[in-house]
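Please open the model in your viewer and keep the selection panel at hand.

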Amino acid sequence: MSFSANLGFLWADRPLPEAIRAAKAAGFDAVECHWPYDVPTEAVTAALQETGLRMLGLNTRRGDVAGGENGLSALPGREEDARAAIDEAIAYAVTINTPNIHVMAGFTEGRDAHETFVENLRYACEKAAPYGITILIEPLNRYDAPGYFLTTTDQALAVIADVGASNLKLMFDCYHVQLMEGDLTHRIEALLPSIGHIQFASVPDRGAPDHGEVNYTHIFSIIARLGYDAPLGAEYKPGGDTDATLSWMNDA
Ligand SMILES: O=C(O)C(=O)[C@@H](O)CO
Ligand SMILES: [Mg+2]
């Protein structure tokens with residue numbers, strides 16, 4: 001297996017370029033992040049070039065986080081802000097050569113929200129396609145993100161079908177899917193053609209993948225058997241020194 005360090009959580013106590021270097025030193029094959037926008041692209045590019053790692057993904061801005069926002073793209077009436085966040089993410093991704101952008105939906109519900117999300121995703125897919133960038137959408141669990149628009153893989157597939165773009169894929173985060181739906185083995189098998197990126201963490205505490213209700217030795221072997229060979233995103237909360245939590249990599 002190959003692994004991508006999610007620097008939104010791993011080495012999150014270090015500046016992003018230093019976190020990239022730490023991921024390389026720890027043996028990761030790639031990195032990904034959440035919201036890199038305050039970091040100059042030159043510093044990120046320099047660290048990526050120095051380490052030879054690729055930044056696999058980043059997220060669109062969430063909007064007014066202090067005011068309770070968690071993404072903009074499914075919020076009716078906020079199309080202008082949502083598209084500005086999409087444009088910003090594409091520009092940043094193009095500059096640092098990142099192949100995936102997670103477009104965040106936001107806290108909302110209902111048919112209008114679905115239509116708004118579909119239209120904004122069409123916009124994102126069209127704008128991203130010339131750069132070979134894939135747009136991702138990710139169901140989040142109801143405990144960490146109560147009220148988030150996208151909560152299940154079935155709902156994500158319905159959105160993907162309605163958008164109808166070949167560069168729109170599912171971010172399959174095993175942690176969220178286990179909390180909302182379970183049945184990870186069958187779901188990964190069935191959804192593989194729609195999956196653009198896979199992430200993981202222990203369940204339910206979102207720690208390193210070496211404890212809890214999901215047996216990741218099994219899940220990783222299923223993913224390998226299916227021939228999926230892109231790096232898997234380690235998106236867990238180390239709860240202290242990241243380097244002290246990496247023994248799972250030796251067993252994977
Ligand atoms: O929370 C997650 O899981 C993520 O992947 C974030 O990027 C979005 O909140
Ligand atoms: Mg995730």
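This is a predicted model: local features need pLDDT of at least 70, side-chain atom pairs count only at pLDDT 80 or more; totals for chains, interfaces and linings use all residues.

Residues are numbered from 1 along each chain as its sequence is written, and chains are lettered from A and ligands numbered from 1 in the order in which they are written.

**Stop 1: the annotated domain**

Select residues 20–250, which an unreviewed UniProt entry annotates as "domain: Xylose isomerase-like TIM barrel". UniProt positions follow the numbering used here, feature names are shortened, and annotations may be inferred rather than shown by experiment. This stretch is 40% helix and 12% strand, and its end C-alpha atoms lie 20 Å apart. Helices (H or I, at least four residues) and strands (E, at least two) are DSSP runs, numbered from the N terminus.

**Stop 2: helix α1**

Select α1, residues 16–26; its buried residues are L16, P17, A19, I20, A22 and A23. A residue is buried if 20 or more other C-beta atoms, placed from the backbone, lie within 10 Å of its own, exposed if 12 or fewer, and partly exposed in between. The cover over the buried residues of α1 includes β1 (3–6), β2 (30–32) and α2. After α1 comes G27, with a positive phi near 100 degrees.

**Stop 3: α2 against α3**

Now display α2 (residues 41–51) together with α3 (residues 79–96): their axes come within 9 Å and cross at roughly 35 degrees. Axes are lines fitted to C-alpha atoms, for helices over the stretch in contact, and angles run from 0 to 180 degrees between N-to-C directions. On the α2 side, T41, V44, T45 and L48 make the contact, and on the α3 side Y92, T95 and I96. Two residues are in contact if their C-beta atoms, placed from the backbone, lie within 7 Å.

Centre the view on T41, in helix α2. T41 counts as partly exposed because it has 15 C-beta neighbours inside 10 Å. Apart from neighbours within four places in sequence, T41 is in contact with Y92, T95 and I96.

**Stop 4: helix α8**

Move to α8, residues 216–225, where Y216, I219 and I223 are buried. These three cover an arc of only 55 degrees around the axis, so they lie on the same side of α8; the arc is that of the directions from the helix axis to the C-beta atoms. T217, H218 and R225 are exposed on the other side of α8. The buried residues of α8 pack against α6 (174–180), α7 (184–191), β7 (195–200) and β8 (232–234).

**Stop 5: the annotated active site**

Finally, select E138 and E235, which the unreviewed UniProt entry annotates as "active site". They are spread over 98 residues of sequence but cluster in space, with a largest C-alpha distance of 13.1 Å.

E138 lies in the loop between β5 (134–137) and α5, and counts as buried because it has 23 C-beta neighbours inside 10 Å. Not counting residues up to four places away in sequence, E138 touches H102, L150, M171 and D173.

E235 is in the loop between β8 and α9 (248–251), and counts as buried because it has 25 C-beta neighbours inside 10 Å. Leaving aside neighbours within four places in sequence, E235 is in contact with N6, F9, D173, Q199 and A201.
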